[in-house]
Amino acid sequence: MAKKIGAPRGTHDLLPGETAGWEHVEAVARDLSRRYAFERVEIPLFERVELFARGLGESSDAVEKEMFRVGGAAGSEEERAEWALRPEPTAGIVRAYIEHGLHVRPGPLRLWMIGPMFRYDRPQAGRYRQFSQWDVEVLGDPGPAVDAELVELAMRFYAEAGLTDVVAHVNSIGDAACRPGYRQALIDYFGANIERLADDSRRRLEVNPLRVLDDKALAADLADAAPKSTDHLCDACRAHFRAVLDLLDAMGVRHVIDHRLVRGLDYYARTTFEFFVAGREGQQDAVGGGGRYDGLAELLGGRPTPGIGFGLGLDRTVLALEAQGVEPPARVPVVAVVGTGDDHADRLRVAGELRAAGLAVRADTSERKLGKQLEAASKVGARWAVVIGEELAGGEVGLKDLESGDQRQVAIDEVAAAISG
Ligand code: AMP
């Protein structure tokens with residue numbers, strides 16, 4: 001036998017029997033996107049490296065360490081340097097917004113998408129090289145009400161998915177007016193404690209001191225005593241943050257202020273937030289996160305446009321639901337269409353009619369005996385069997401309850417009603 005080929009490290013196949021949880025969280029995300037009046041967008045899985053370097057910042061982990069580079073068919077070094085699989089969707093969405101002049105549309109623009117993201121990180125539990133996010137972005141709304149609305153939306157998503165004990169961590173990292181002062185305060189503070197910093201953080205201190213707070217290896221006492229961004233906000237940023245917190249209180253959204261929540265990407269300004277299951281609040285365990293990125297459109301060559309968005313991790317949400325023992329909703333019952341002899345045309349025709357009526361139908365296309373077909377139907381989890389016999393001439397079939405074994409004759413166009421009743 002030829003040697004088997006395995007899946008790439010850090011990826012996971014989604015197999016039959018495992019999909020119910022996924023379909024459930026995706027359905028909740030799609031339904032909320034509709035109920036919150038977001039419009040769907042799709043962007044390429046790969047973009048120019050420069051888009052991420054400019055948009056996310058050269059010193060972000062996503063660009064510095066985790067960029068998943070791809071080459072064209074020729075695979076030259078030059079091409080490999082040029083393209084990368086998207087590590088997150090915001091830069092691509094804002095690129096599309098600028099490229100297609102979406103600012104002329106009546107705003108604010110409310111966009112959503114679901115799709116895979118790629119980060120070439122060391123795989124571990126809940127950390128994959130390919131993972132999926134539900135992403136929403138609002139462009140053209142300076143807030144603060146929309147900031148609170150998105151936090152509330154994310155919390156509603158977890159609640160409707162069935163996840164309990166989710167806490168929203170929120171922070172404000174200021175804007176172009178007040179961030180320089182905060183950066184300097186961090187440089188001074190960590191500079192005085194440089195011998196206690198890990199190599200990565202020492203290197204980052206001058207380029208992106210906020211990221212030092214992100215460092216998982218940072219000693220707790222050093223982190224606790226570090227300058228807080230909320231103590232360095234300018235009046236406008238302070239008022240914005242206060243308003244976000246008041247709105248969250250007014251909506252009854254459970255949240256805590258998290259001074260270490262600076263987010264890894266350069267483009268964030270003012271409001272940042274992340275979601276955790278209480279008791280699992282390590283940086284590795286966030287089930288979602290997002291924030292405001294008012295400067296991003298300009299960085300990418302567009303006109304100044306306020307923006308805010310989030311990416312909720314679907315893989316981690318599914319894992320967290322499993323950890324809490326939450327059963328996904330039962331699937332629609334499957335109907336098996338079975339028959340005798342060579343009546344395959346009848347089986348397929350009846351199956352077609354039942355499918356047109358909205359039922360989920362497996363037609364048995366085998367040559368095996370009726371009894372074997374019924375056995376097989378039960379084994380694959382069918383709830384009902386539609387048995388085709390002579391009565392088909394009069395438009396009737398046998399409807400067999402595979403749990404109780406009861407069978408009765410019904411008209412084909414009454415099967416759907418008989419099952420749901
Ligand atoms: P981030 O932009 O890094 O905050 O990512 C947003 C959300 O995506 C996180 O809160 C996670 O739920 C999820 N996520 C990020 N990276 C990964 C990964 N490598 N594997 C699985 N989920 C991830």
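Helices (H or I, at least four residues) and strands (E, at least two) are DSSP runs, numbered from the N terminus. The model is predicted: local features need pLDDT of at least 70, side-chain atom pairs count only at pLDDT 80 or more, and totals for chains, interfaces and linings use all residues. Residues are numbered from 1 along each chain as its sequence is written, and side-chain values use heavy atoms, with hydrogens and water left out.

The protein chain holds 16 helices and 16 strands. Its C-alpha trace spans about 90 × 60 × 45 Å along the principal axes. The chain has 421 residues, and 50% of them are buried. Buried means under 20% relative accessible area, exposed means over 50%, and partly exposed lies in between (1.4 Å probe, protein chains only). The accessible surface of the chain comes to about 20500 Å². Carbon and sulfur atoms account for 52% of that surface. Accessible areas come from the Shrake-Rupley method with a 1.4 Å probe; for residues, only the protein chains shown count as cover. Contacts (heavy atoms within 4.5 Å) were also sorted by sequence separation. Among contacts between residues at least 6 apart in sequence, 69% join residues at least 24 apart.

Two cis peptide bonds are described here. One joins G107 and P108, with omega about -10°. P108 lies in the loop between α5 (90–99) and β5 (109–118). Another cis peptide bond joins G143 and P144, and its omega is about 5°. P144 sits in the loop between β6 (130–139) and α6.

Helix α6 (residues 145–161) packs against helix α1 (residues 19–35). The angle is about 140°, and the axes are 10 Å apart. Axes are lines fitted to C-alpha atoms, for helices over the stretch in contact, and angles run from 0 to 180 degrees between N-to-C directions. The two helices are therefore oblique to each other. Angles under 35 degrees count as roughly parallel, over 145 as roughly antiparallel, 65 to 115 as roughly perpendicular and the rest as oblique. The crossing of α1 and α6 is right-handed. A crossing is right-handed if the near helix is turned clockwise from the far one by less than a right angle, and left-handed if anticlockwise. From α1, the residues in contact are H24, V25, V28, A29, L32 and R35. They meet L153, R156, F157, E160 and A161 of α6. By class, this contact has seven nonpolar, one polar and three charged residues. Ala, Val, Leu, Ile, Met, Phe, Trp, Tyr, Cys and Pro count as nonpolar, Asp, Glu, Lys and Arg as charged, and the others, Gly among them, as polar.

Helix α1 also packs against helix α13 (residues 314–323). Here the angle is about 120°, with the axes 10 Å apart. That makes α1 oblique to α13. The crossing of these helices is right-handed. On the α1 side, the contact is made by G21, W22, H24, V25 and E26. On the α13 side, L314, D315, T317, V318 and L321 take part. The residues of this contact divide into five nonpolar, three polar and two charged.

A37 has phi near 60°, a positive value in a residue other than glycine. The residue lies in the loop between α1 and β1 (39–40). At 52% relative accessibility, A37 counts as exposed. R270, also not a glycine, has a positive phi near 55°. Its place is the loop between β8 (255–257) and β9 (271–277). R270 is buried, with a relative accessible area of 15%.
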